[in-house]
Amino acid sequence: MEIKDKSVKELETLSQEIRDRIIDVVSRKGGHFSSTLGAVELTLGMHYVFDAYSDPFIFDVSHQCYPHKLLTGRWEEFETVRQFGGLSGFTKPNESPADYFVAGHSSTSISLAVGAAKAIALKKENRVPIVMIGDGSMTAGMVYEALNELGDIKLPVVIILNDNEMSIAKPIGAISKYLSKLLAGKYYQGFKGKVDKFIKKNMPEGTTYIAKRMEEALKLITPGILFEEMGIDYIGPIDGHDIAEIIDTLQIAKAMGKPVIVHARTVKGKGYPIAEGQHECWHGVGPFNIQDGVFIKKEAPKAATAVFADALLELARNHENVVGVTAAMPSGTGINKLMKEFPDRFWDVAIAEQHAITSMAAMAKEGFKPFITIYSTFLQRGFDQIIHDVCILNLPVVFAMDRAGIVGNDGETHQGAFDISYLRFIPNMILFAPRDNTTLESGLEFAYNLTGPCAIRYPRGAFKELIYPSTPFTLGKAELLKVGSCKKLFIGYGAGVSRAIETESLHKDDIAIFDLRFVKPIDKDTLVELSKKYNDWYVFSDSQKQGGVASAILEVLNEKKIHNVDVTSFEYNDNFIEHGDTNLVEESLELLPQQLVLKIK
Ligand SMILES: Cc1ncc(C[n+]2csc(CCOP(=O)(O)OP(=O)(O)O)c2C)c(N)n1
Ligand SMILES: CC(=O)[C@@H](O)[C@H](O)COP(=O)(O)O
Ligand SMILES: [Mg+2]
């Protein structure tokens, strides 16, 4: 039955069926959990009042889009969510026309809505963009760029602010505090109605003048003053789990024909009591036991993130000028450990990568040693700040890029594929990569002693244990791990070193293995020396081919006029890399050692 024909009771039944489906699948397959459970009724309201096949449905980050997918013909296929070859865990237009845009990085939704609204106005169409954005995503500057223009051009856009008072972790900053204050306030449209009734009933005739004045005054104290002053009407807070109230409010908002924010209070994890409330661990989950909420842990070696966090903790204990930030990923980056022990030196600055970088640049100028810990993919948000605020002044900032390489189930929007390419051409930047846990630890010590900017990259999950002992870093120096008795040379970078070692072990020849260690400054002299003995080089790195490690090597060969060397890159081709279990994705890209060995001449 069409959603629009259902009664509230039937919609409430449907919301339970949606929750049951999400809990069943995510408990077995993993995925984004508590965000999506909290968005069920709001999503139903969107589908009741708007048309997903005409009005642009725009979910911010879109990690909370599972109910939307279940309501748009993907109920059965939801079994495959985030699996290789299956549904994406985020909205994806090529999956369904009901998915208006791709998402995964936060705070793009209102800009998308503004663009869509302009196009709709120009085409004189009767469609209204409807946005769902979380309170955490409201802490990124891009949102205010969009609201600034929207409040000016006043095109019809309805924005549902899904406020569960949580980002991944507890929300940070003044915006979050302001929004929470609003939630504590009375329901605005109800409150305003009560005031009107009171005036009519108790105040003598002719007091409408006073009522009007009161309305003005009310506007002054209206909770949504921040938005109203920007030219965006504010309605709320409403109960984001009360379907009737949601439908009424969205109908009012849609009818207003102008920009409106509907501030909805929701509970993150709603409907699965163990996950309800402010629990960071239920944001993104692996499989768990539904009965008791116990996560089904697979035995895994120590993750690079944990090695990084412990090593940085040591460094911070030994050097009080060490400071650091995360942009709303405290546990994902391990910075939560540092924030706990050094709350006045390590901060979560909310979803604000640009601000994280520039504010830490100032701390570097003041003599501190900042560790800016941001996933490779999210660091893309601060590209100009890296150039403009860190590298031009050659400031001693460390970029700790977690999730470098293929990240797995998050897919295209989250792969850490581009950092070498987008950082290598920036003057003063030093790029290096550890090959295992021990070199990651020593890499932080090395980074601490650098006097300029550097970026260190490490993978999601664990490094492979290597048979070669670790050695400390020397600026611009690579390391020959193993000589070979043939003309081939395997050059590894970062986690690519273990891939080179594994591939060599599968090959019949005795092949030299070389850890490049620095892609900038690259070890030109050693490469020139090696070209005299080896002339068939293979490059192993978890990075984009374009502008990546093999590109850097080819630049050296060209500069040194060396023409007897053939270079083959086993980096990523010029495509976006889909989601799925990392091993399956790498197999699809023919990057597994057993596949690479067949490509060695
Ligand atoms: C630019 C960027 N930085 C960080 C992230 C990681 N991230 C994903 S969801 C999220 C929190 C979003 O909180 P909120 O908008 O309140 O949504 P909720 O999960 O509470 O529904 C963060 C920080 C991201 N997706 N994009
Ligand atoms: C939606 C989002 O951007 C984050 O939740 C991200 O999925 C976290 O990635 P990790 O699971 O690698 O920490
Ligand atoms: Mg939230």
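A residue is counted as near a molecule or strand if its C-beta atom, placed from the backbone, lies within 6 Å of it, and domain bounds are taken from an automatic or database domain assignment. The model is predicted: local features need pLDDT of at least 70 and side-chain atom pairs count only at pLDDT 80 or more, while totals for chains, interfaces and linings use all residues. Residues are numbered from 1 along each chain as its sequence is written, and chains are lettered from A and ligands numbered from 1 in the order in which they are written.

The shell around ligand 1 takes at least three residues from each of domain 1 (3-185 + 223-285) and domain 2 (304-457). It holds 24 residues, of which Ser35, Gly134, Gly136, Ser137 and Ala328 come nearest. By class, eight are nonpolar, twelve polar and four charged; here Ala, Val, Leu, Ile, Met, Phe, Trp, Tyr, Cys and Pro count as nonpolar, Asp, Glu, Lys and Arg as charged, and the others, Gly among them, as polar.

Around ligand 2, the residues are Val61, His63, Ile168, His283, Gly284, Gly332, Arg403, Val407, Asp410 and Arg460. This shell has three nonpolar, four polar and three charged residues, and at least three residues come from each of domain 1 (3-185 + 223-285) and domain 2 (304-457).

The UniProt record, an unreviewed entry, places the feature "binding site" at Asp135 and Asn164; such annotations may be inferred rather than shown by experiment, and feature names are shortened, with positions given in the numbering used here. The two span 30 residues in sequence, yet no two of their C-alpha atoms are more than 6.9 Å apart, so they gather at one spot.

Helices (H or I, at least four residues) and strands (E, at least two) are DSSP runs, numbered from the N terminus. Asp135 lies in the loop between strand E3 (130-134) and helix H6 (141-153), and Asn164 in the loop between strand E4 (158-163) and helix H7 (174-184). Contact requires C-beta atoms, placed from the backbone, within 7 Å. Leaving aside residues up to four places away in sequence, the contacts of Asn164 are Gly38, Asp135, Thr266, Val267 and Lys268.

Terms used
Two residues are in contact if their C-beta atoms, placed from the backbone, lie within 7 Å.
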